[in-house]
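Q: Please take me through one part of this model in close detail, and then show me what surrounds it. I would like the cut-offs behind the terms as you go.

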Amino acid sequence: NVDGKDLPGSVVTFQQAGLGNYRPRAEFVFSADGKHVAYFDQQPGNASGVYLDGRLAQVFPGTQPQNLTFTPDGRHLIWLVYNGGSQTVYVDGRPSVQLDNNLQIQNALGTWEMGADGTLTVVAQAGDAIKRFRITPGPDTSIDSMGK
């Protein structure tokens, strides 16, 4: 129930906060202006879904989505999904960057930072190196285009 309105879906155990130094996985996130709410839900067949403003906006592969983040202007939604041996960053429901799976890095503080300009900085393992990725959502997508 958000702001007096029952929303569909259910938040399941993979949404619980991480342990120790790991950061929370963001059960629910609100846009900075408070106009939008997003959350994950487990779907059949080892898939996940993201709800946006009470509507199932998209189903995607992977069972451990995390780091659900709005850009400061509330126009874009970004998250990370574990896909077995790798992780994928999604921007407005579209795969953007694939990373090697390294939970110690991905869950460490300072490795997922949203800038005031809407650019996300992700520090992750890519092959034999640790790299810094800067992801800026383009004008061709937005939360309005998710699932379409």
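**The Arg94–Asp140 pair and its setting**

A: Happy to! Arg94 and Asp140 form a salt bridge, with 3.6 Å between their closest N and O atoms (the criterion is a side-chain nitrogen of Lys or Arg within 4 Å of a carboxyl oxygen of Asp or Glu). The model is predicted, so local features need pLDDT of at least 70 and side-chain atom pairs count only at pLDDT 80 or more, while totals for chains, interfaces and linings use all residues. Residues are numbered from 1 along each chain as its sequence is written, and side-chain values use heavy atoms, leaving out hydrogens and water.

A search of the whole structure turns up one salt bridge, and the pair links distant parts of the chain. Arg94 belongs to strand S8 (residues 94-100), whereas Asp140 lies in the segment after strand S11 (129-135), 46 residues apart. (Strands are DSSP runs of E, at least two residues, and helices runs of H or I, at least four, numbered from the N terminus.) Arg94 counts as partly exposed because its relative accessibility is 41%, and Asp140 is exposed, at 57%. Here buried means under 20% relative accessible area, exposed over 50%, and partly exposed in between, with a 1.4 Å probe and protein chains only.

Now for the wider chain. Its elements are one helix and 11 strands, which follow the pattern β-β-β-β-β-β-β-β-α-β-β-β along the sequence. Of its 148 residues, 47% count as buried.

Four of the strands make an open antiparallel sheet in the order S1-S2-S3-S4 (two strands pair if DSSP finds at least two bridges between them). Strand S1 (28-30) and strand S4 (55-61) stand at the edges with a single partner strand each, so one side of each has no neighbour in the sheet. Three bridges join S1 to the antiparallel strand S2 (residues 37-43), and Phe30 stands opposite Val37 in S2.

One last stop is Asn83, in the loop between strand S6 (77-82) and strand S7 (86-91). Asn83 is partly exposed, with a relative accessible area of 28%. Leaving aside residues up to four places away in sequence, Asn83 touches Pro61, Gly62 and Thr88 (contact means heavy atoms within 4.5 Å). Asn83 and Asn101 are 18 residues apart in sequence, with their C-alpha atoms 8.5 Å apart in space.
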